[in-house]
Amino acid sequence: MKTLLDCKKACRVKVLKLNAATELKQRLISFGIMKEAEIEVLEHAPGKKTIEIKVGKMRIALRDQEAALIEVEKL
Amino acid sequence: MIDTVNIEEKSCPVIANHIKVALVGQPNVGKSMLINSVSNAHLHVGNFSGVTVDKTEVLFDYKDYHFTVVDLPGTYAFTDYTIEERVTHDYLCDENYDLIINVVDSTNLEKNLQLTSELMSMNKNIVIALNMSDEAEKEGINIDAEYMTQLLGIPCVKVSAQTKEGIDELLDAVADTYEEDEQESKLVFSEAVEEEIAQIVWYLDKHKYGAKNSYRNVAINLLKNNKKTYQKIHNNPIWIELQPILVEASKHIELHHDSDDIKESFAEEYASFNRGIVAEVIKQNSIQEKKTLTEKIDNVLIHRVFGIPIFLFFMWSLFQLTFEIGAIPMEYIDGFFGWFGDTIGATIPNDDIRSLVVDGIIAGVGAVVLFVPNIIILFIGIALLESTGYMSRVAFLLDGFFHKFGLHGQSFIPLVTGFGCSIPAYMSARILKNDRDRLLTLFIIGFMSCGARLPVYVLFAGAFFSPEMAGNVLFIIYISGALLGLVAAKILKLTAFKGADEPFVMEMPKYRLPSIKLIWHTVLTKTMMYLKKAGTFIAAASMLVWFLSNYPHNLELFKSYESKIEMAVDKDEKTEFENQFAVAHLEQSYLGTIGKFTEPIFTPLGFDWKMSVALQTGLAAKEVVVSTLGVLYALGDDVDEDNNSLINAISNNIPFASAISFIVVIMIYLPCLAASIVFTREAGGIKYFFYLFIFTSLTAYFMAFIAYNIAKLFS
């Protein structure tokens, strides 16, 4: 199983599943991170603690813990 | 003019023409800016999510209508995740309003429509404002607003809050929609969901269920597990038969979406509807997207190695500029108030009144006004940080670091706001969802030195360090205050606010060139507020300090010195005695008594009674520290005539180590009265104020004690 956290910079992936609890899942969905959504990894903050991704036209910052909950496959 | 009064007070006699509009949209789509350009109001605008944290009403007239527009905090989805989102959610559900203006960002339509589709089952008429249409056109995005109007059954109007294009058309559309009947929602779902909706609608219709909302919307809300709809229908006898139908329907939909979460299923339904709409109405010119400017800038600014050094360099430059440029007009302002005091003083025959005006009001207010240039530069810096979109980048860079100290990355936004003024900072902590995170942030905000403390720092940095060093000293003061705040956060997190970490998901807005007008306005407003405070609150406080430091008059003391002064052999000795009298008089005044009384507490920190008093008056407002020092040193002046500016008085009368320890206390101790009140309100109880008081006082005392003793070793 591959998660968003495993992705390198400039990697493009498709979301397969969100393993988050209800509340966080709602939050992710409201940012457009949902099944079938395409994500591009833009940048990692120092220490890979925070990552910047692009969903559609929106740039979003996520923490490593949240990224690990997003199952993805490479495009 | 901005009107934020209640409707009741300003309600107009012709009810029929009164339109109350709720302004709804995702964060950072320009809602507040749209209101500003519609009504000439001056709501605060920035480039990050969470600028508006509370609803604001703005009233204005257009054609035959009285408009009341309620600016609601931005919300990504129709949920109550954070406090600000709850404000919007509850307003839309419970309050009376005529229609919704849904503001969307034309450059990112698909994401914005996600909220729109949720609003469409609200049973309220909607007008969509396609904001930033000028920017969209520049990016080659052409939206067919007419076709979109047809497809959604909702008027869609292209506007630009920036250029004020399409504002009249938007208001016309609102007025038309107000006069029209209810809009019929054209939201369509996948076949599987539509089937279930049809079945429930059929059932509701069969039993003639009485509802304000259309049966279709009731059915959708039931399927989405909307609590309010459930509560209503739960008390109706049809519930018994409806329940099994709903259970089946939910199972069916979840199966169809291969998910066990009905809300997720609906989100996917909305997303595919929106994809359809966007595909129909948008014509994109440039098919192959090149790297946008924002991405290019981000490559540098949030670079994993250079990002943080660049940020530190920006901050360092800001404080350098604050001191360097701020120092230029200082001399003139100082000179002006000296001249002004002398001129006014010459026209007042009565000794007491002259002293009140010249030594009290003019010296006190002058000492505060002296720092207006520094304040302006600091405010410009913060306004730039807020309006360019850089703030969210810094939150991104520092989140990992912050996280180690138990703070949420988004805490950064209230903390930076705190460098300007603690009051809006306390308010903006509402963007934090978790109460523990929010309280923790509230407790730390005070460590970010606000603009009102800047005068104290500039005064002391100027008095004890060379001009080349003073800017660096300012930077060190601010940074070490912030670092101390982080350490305090860690301690609080390990003790008082234990708990699991909240997720961090934050939008990084597009970079925008700050509009000069906007910055000018923000800075002007804040500077005027500072000046107004100087003219009212600080002037009153200076009068009080003057009174307390001049009374009671001690006749015996006066007589004993009067004879000494008369018997003085030469002019020098006369001045000497006069100064001795002034000092003796000051020490026996009310303020002197208070200062002497509390002096023992502050002696370990190296303060004399004047500094102790200045700290205590600073509890009212931090500028009062400077004005108090101004009044106290103007009165008990024992420096010679041609060398009596406040900076010199400070450097001649206060030892270096005491000055360092004084700065440390100013950095840490309780924020001003107004900020403390806001803190108490936001934290949710007076007990938090006492916690804050004890926490900051102990920390300030402890740190200042250490700083004093270390500084003594070096001096």
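The model is predicted: local features need pLDDT of at least 70, side-chain atom pairs count only at pLDDT 80 or more, and totals for chains, interfaces and linings use all residues. Residues are numbered from 1 along each chain as its sequence is written, with chains lettered from A and ligands numbered from 1 in the order in which they are written.

Chain A contains two helices and five strands. Helices (H or I, at least four residues) and strands (E, at least two) are DSSP runs, numbered from the N terminus. Their order along the sequence is β-α-β-β-β-α-β. Chain A has a radius of gyration of 11 Å, close to the 11 Å that the globule rule gives for 75 residues, so it is as compact as a globular protein of that length. The radius is taken over C-alpha atoms, and the rule is 2.2 Å times the number of residues to the power 0.38. The C-alpha trace spans about 30 × 25 × 25 Å along its principal axes. Of the 75 residues, 52% count as buried. A residue is buried if 20 or more other C-beta atoms, placed from the backbone, lie within 10 Å of its own, exposed if 12 or fewer, and partly exposed in between.

Within chain A, β3(A) and β4(A) pair in the antiparallel sense over six bridges. Two strands pair if DSSP finds at least two bridges between them. A:Val55 stands opposite A:Met58 in this pairing. A:Ile60 has B:Glu507 as its bridge partner, and A:Leu62 stands opposite B:Val505. Six of the six residues of β4(A) are buried, so the strand is largely enclosed by the rest of the structure. A:Met58, A:Ile60 and A:Leu62 lie on one side, and A:Arg59, A:Ala61 and A:Arg63 on the other.

The contact between the chains takes 29 residues from chain A and 31 residues from chain B. Two residues are in contact if their C-beta atoms, placed from the backbone, lie within 7 Å. On chain A, α1 (22-30), β2 (38-44), β3 (50-55) and β4 (58-63) each supply at least two residues. The largest share, eight residues, comes from α1(A).

In chain B, six strands form an open sheet of mixed pairing, in the order β2-β3-β1-β4-β5-β7. β2(B) (56-62) and β7(B) (156-158) stand at the edges with a single partner strand each, so one side of each is left without a neighbour in the sheet. β1(B) (residues 18-25) and β3(B) (residues 65-71) run parallel and are joined by six bridges. There, B:Leu23 has B:Asp71 as its bridge partner.

Helix α4(B) (residues 109-119) has ten of its eleven residues buried, so it is largely enclosed by the rest of the structure. Among them are B:Leu113, B:Gln114 and B:Leu115.

The domain assignment, which comes from an automatic or database source, gives chain B domain 1 (7-179), domain 2 (191-258) and domain 3 (310-552 + 589-714). The C-alpha centres of domain 2 and domain 3 of chain B lie 58 Å apart.
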